[in-house]
Amino acid sequence: MTAYRLPKDPYNIIITGVGGQGNVMASRVFSNMLVQKGFFVTIGETFGASQRGGSVMSHIRVSSKSTWSPQVPKGKADVVVTLEPIEAIRVLAGYGNPAVKVLTNTRAIYPAGVIAGRLSYPSLDEIKETLKKLSARAWFIDATDEAVKLGNAILGNIIMIGALSAVGDLPVGRGDFEAALSRTLPAEKMADNLTAFDLGVELMKQ
Amino acid sequence: MSYLTDEKEGASCLVMGNEAIVRGALEAGVNVASGYPGTPSSEIIENLSKVAKEPNLYVEWSVNEKVALEVAAAASFSRLRALCVMKQNGVNVASDFLLHLAGSGTRGGFVMVTCDDPGALSSVNEGESRFFARLLEIPLLEPGNFQEAKDMTKWAFDLSEELRQIVVVRSVTRMSHASGNITYGRLPAEKRRAEFRFDGFALDPDEGIIISAPVAWKHQQQQEKIRKAREIFEGCPFNTYEGPERPDLLLITSSACYLYSREAVNVLGAEDRVGLLKMGTTWPLPPKLLAKHLSRTDKVMIVEEVLPFLEENVKILAAEQAAEIGVKTFYGKNDGTIPMTGEMNPDLVIAALSSVLGIDYVPVPEEYGREAQASVIARAPNREQVFCPGCPHRASFFSIHNALEMDNRQGFVCGDIGCYTMAIGSTGFNTLKTLHSMGSGAGIASGFGKLGQFGMDQPILAVCGDSTFYHAVIPALVNAVHNRSNITLVVLDNSGTAMTGFQPHPGLDHNVLGEAVPPIDIARICEGIGARVEIRDPFDLEGTRETLNELIEDTSGVKVLIMRKACALSPQRKNKKDYTVHVDETICIGEECGCGRFCTRIFGCPGLIWNAEKQKAEIDEVICVGCGVCADICPQGAIKREEVA
């Protein structure tokens with residue numbers, strides 16, 4: 001397998017968002033990047049109802065030793081990537097801890113109760129304050145807005161994957177992304193995805 | 001081509017549990033595979049259909065699970081290898097045939113994969129298929145990781161052939177829909193020829209007729225097969241043990257719960273105290289293997305999903321062998337150590353283990369936990385599931401709801417299984433009032449429609465999806481017409497089995513292999529049965545409501561309204577906007593209007609939001625799919641749609 005020493009074994013990533021944002025795709029691509037590097041990876045995900053606008057979550061367990069449970073134990077996330085900001089708060093309440101890192105796409109998708117006026121949605125400042133308080137480090141990335149500029153809002157998930165690779169805890173980068181993606185994606189879609197990935201890496205430098 | 005067939009023997013790949021099952025079936029040389037879509041099982045037939053060509057497979061989505069099992073049985077009877085796949089409720093549908101099949105026995109390797117959904121993540125039940133194995137006396141295997149999902153599926157075909165009996169492989173959502181690394185084995189070169197032999201001695205298992213009678217003889221044969229399975233399972237490599245020679249506690253588990261249990265032992269650092277016995281063969285249990293492990297400890301915990309199936313069966317063996325192995329203390333579901341409902345996870349096992357072993361465990365610092373919980377309550381508003389933007393069901397239920405309100409006689413709708421199940425909640429205007437199995441809305445409505453003689457005068461409606469119509473609604477409709485029940489059935493025809501990912505059904509002109517097939521028209525079936533039939537586009541709100549009111553008024557018998565519009569996520573509609581939609585801010589006067597924010601408060605499309613700063617409705621460009629329906633609901637006409645050329 002691999003000689004790379006993970007900061008923690010298993011290293012636990014949670015990718016969260018709302019059904020339809022490309023959560024499953026993002027977790028598969030990132031996991032395949034790690035598998036190519038020789039890691040054991042287990043992904044646990046909830047879908048089926050995921051296209052129906054509910055909260056979705058993928059748990060990615062990375063290990064140099066063995067296969068772990070498809071569910072991360074409570075309080076044991078090492079990094080949380082969120083495609084929708086309040087979903088990060090929800091995930092941290094279950095899996096967060098004072099050492100967790102959080103990468104947040106800033107674009108809100110309003111729950112039905114908020115649209116109907118029954119519930120209220122926090123301001124971006126309130127979200128930032130909460131996530132900073134509940135994490136060791138928090139990054140805020142305008143992934144959807146940047147993806148819209150690239151011409152396709154769905155690429156927000158790839159921007160976040162680029163950003164995740166730039167955190168530096170795991171030995172994966174652009175080459176691994178390209179190799180993982182070429183397994184499933186038609187060649188004509190590759191260029192846009194690589195641009196989005198690079199943008200994610202770039203936005204982490206700011 | 002697919003990485004399920006491209007990769008060579010020895011390759012290591014990251015695959016879903018369902019894909020591992022597919023690879024296992026391919027390595028076993030499966031010839032025929034059938035099933036009915038249902039989360040979390042659907043990817044198995046889908047993936048097999050994608051690779052069907054080269055190994056000369058026949059793959060079909062059958063009309064329902066019972067027929068699927070019968071189709072696969074024909075292959076087994078013809079000495080081919082057959083796979084049948086369904087979710088847990090499907091086993092109930094197939095169970096009448098399964099009872100008789102278990103009695104008649106099989107020929108070519110025959111494996112039934114059931115994918116259960118503990119915790120009902122995408123079901124309206126958390127039914128257990130494992131009990132069918134005990135009830136119907138057939139062998140049951142449960143993979144405990146992804147590699148086993150592949151290896152066990154392959155082995156199940158061999159076992160089935162050896163026993164001449166169907167073998168059940170049971171997965172769960174967290175196995176089927178989780179992914180892990182597996183190492184591939186070899187794909188076989190053998191090609192089988194189908195031949196059904198029936199002219200030997202009648203009772204000959206290979207050349208006689210295939211029936212479950214004479215029952216006394218066949219039942220004895222069936223139980224002999226189970227005895228043989230029990231012996232084989234004593235040495236089965238899928239039953240594994242890890243831990244000390246004499247553990248303080250023996251934890252017996254199976255399926256995804258093995259991964260949770262292993263995690264829990266690791267988190268608590270209890271590797272020296274806990275022995276982990278993973279059972280891959282959960283029916284019948286091998287008594288000698290159990291006795292060996294039970295004799296080495298006094299305390300036993302059983303971790304499984306959902307009901308205490310393994311627990312009860314272990315306890316029976318422990319009682320039978322008590323003189324030899326001693327009396328044990330059991331921890332599990334019956335004594336409340338492990339919850340009796342819902343799915344398991346590592347934390348539930350950690351809690352059970354730490355209480356039995358007397359270990360203190362705190363997952364996160366108390367202050368952090370408090371802060372995080374408070375943040376969720378204050379700043380993470382609940383996100384309920386909703387119909388997608390552009391979903392025809394939102395429009396259909398809007399019209400049904402409004403028609404019943406207008407009728408004002410406490411009319412109601414009986415529902416069943418599909419995306420439209422969500423009409424039980426606010427996204428479907430709380431329209432559904434009963435919800436059970438596939439097709440049961442129509443059957444229940446048929447019964448309600450006969451209660452007039454007891455004074456019931458409420459209008460009775462039922463809804464079903466197009467795939468569900470073929471699966472289980474037709475008999476209910478026949479029943480309603482023949483028995484002169486007065487009901488209105490609304491068929492929500494969105495051109496595919498949408499909830500599970502657009503599997504084709506008998507109403508379409510292509511099958512899962514992409515071949516042209518004769519579509520079977522719902523309207524003509526209903527007319528043939530003798531119902532009055534109307535067809536509407538659900539996006540025509542006014543026309544639909546008028547038709548509905550007319551049908552509700554019509555007391556002549558069974559009326560069927562077919563609401564025909566493809567699903568917003570269907571290949572024909574996805575990423576294709578019919579309209580660009582915007583809110584004219586000069587016309588929308590917000591709270592001043594008197595409409596009470598009708599568009600956002602009532603209609604509830606995720607693409608139509610309320611801008612609190614401007615106090616006006618607004619289209620979320622990222623979410624809106626351009627169906628244009630909302631333009632018809634604004635009383636001021638402030639929502640504008642322009643056709644996309």
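Which pattern does chain A follow when read along the sequence? In this predicted model, chain A runs β-α-β-β-β-α-β-α-α-β-α-α-α-α. Of the 206 residues in chain A, 62% are buried. Among contacts in chain A between residues at least 6 apart in sequence, 68% join residues at least 24 apart.

The interface between the two chains was examined next. Contacts link 55 residues of chain B with 57 residues of chain A. On the side of chain B that touches chain A, at least two residues each are supplied by β8 (179–183), α10 (256–267), α14 (346–357), α15 (366–379), α21 (598–603) and β22 (608–611) of chain B. The largest share of this side, seven residues, comes from α15(B). Sorted by class, the side of chain B that touches chain A comprises 30 nonpolar, 16 polar and nine charged residues.

One of the elements contributing to this side, α10(B), is mostly covered, with eleven of its twelve residues buried. The buried residues of α10(B) are A256(B), C257(B), Y258(B), L259(B), Y260(B), S261(B), R262(B), E263(B), A264(B), V265(B) and V267(B). Their cover includes β7 (167–172), α8 (173–176), β10 (249–253), β11 (274–278), β13 (299–303) and α14 of chain B. The length of α10(B) is consistent with its residue count: at 1.5 Å a residue, the twelve residues should span 16 Å, and the end C-alpha atoms are 17 Å apart, which agrees. Just after α10(B), G269(B) adopts a positive phi of about 60°.

Chain B also contains an open sheet of six strands, in the order β16-β15-β17-β18-β20-β19, with parallel pairing. The edges are held by β16 (432–435) and β19 (532–536) of chain B, each with a single partner strand, so one side of each lacks a neighbour in the sheet. From one strand to the next, the twist averages 25°. Within this sheet, β18 (residues 487–493) and β20 (residues 558–564) of chain B run parallel and are joined by seven bridges. D493(B) lies opposite R564(B) in β20(B).

Two helices of chain B pack on the sheet. Helix α19 (residues 522–529) of chain B touches β18, β19 and β20 of chain B, and its direction makes about 160° with that of β19(B). Helix α20 (residues 541–553) of chain B likewise packs on the sheet, touching β18, β19 and β20 of chain B, and its direction makes about 165° with that of β19(B).

An antiparallel pairing occurs elsewhere in chain B, where four bridges join β22(B) to strand β23 (residues 616–619). In this pair, L608(B) stands opposite I619(B) in β23(B). The hairpin of β22(B) and β23(B) has four residues between the strands, and Q615(B) takes a positive phi near 60° in this hairpin.

Notes
Residues are numbered from 1 along each chain as its sequence is written. Chains are lettered from A and ligands numbered from 1 in the order in which they are written. This is a predicted model: local features need pLDDT of at least 70, side-chain atom pairs count only at pLDDT 80 or more; totals for chains, interfaces and linings use all residues. Two residues are in contact if their C-beta atoms, placed from the backbone, lie within 7 Å. Ala, Val, Leu, Ile, Met, Phe, Trp, Tyr, Cys and Pro count as nonpolar, Asp, Glu, Lys and Arg as charged, and the others, Gly among them, as polar. Two strands pair if DSSP finds at least two bridges between them. Axes are lines fitted to C-alpha atoms, for helices over the stretch in contact, and angles run from 0 to 180 degrees between N-to-C directions. The expected span of a helix is 1.5 Å times one less than its number of residues. A residue is buried if 20 or more other C-beta atoms lie within 10 Å of its own, exposed if 12 or fewer, and partly exposed in between; C-beta atoms are placed from the backbone.
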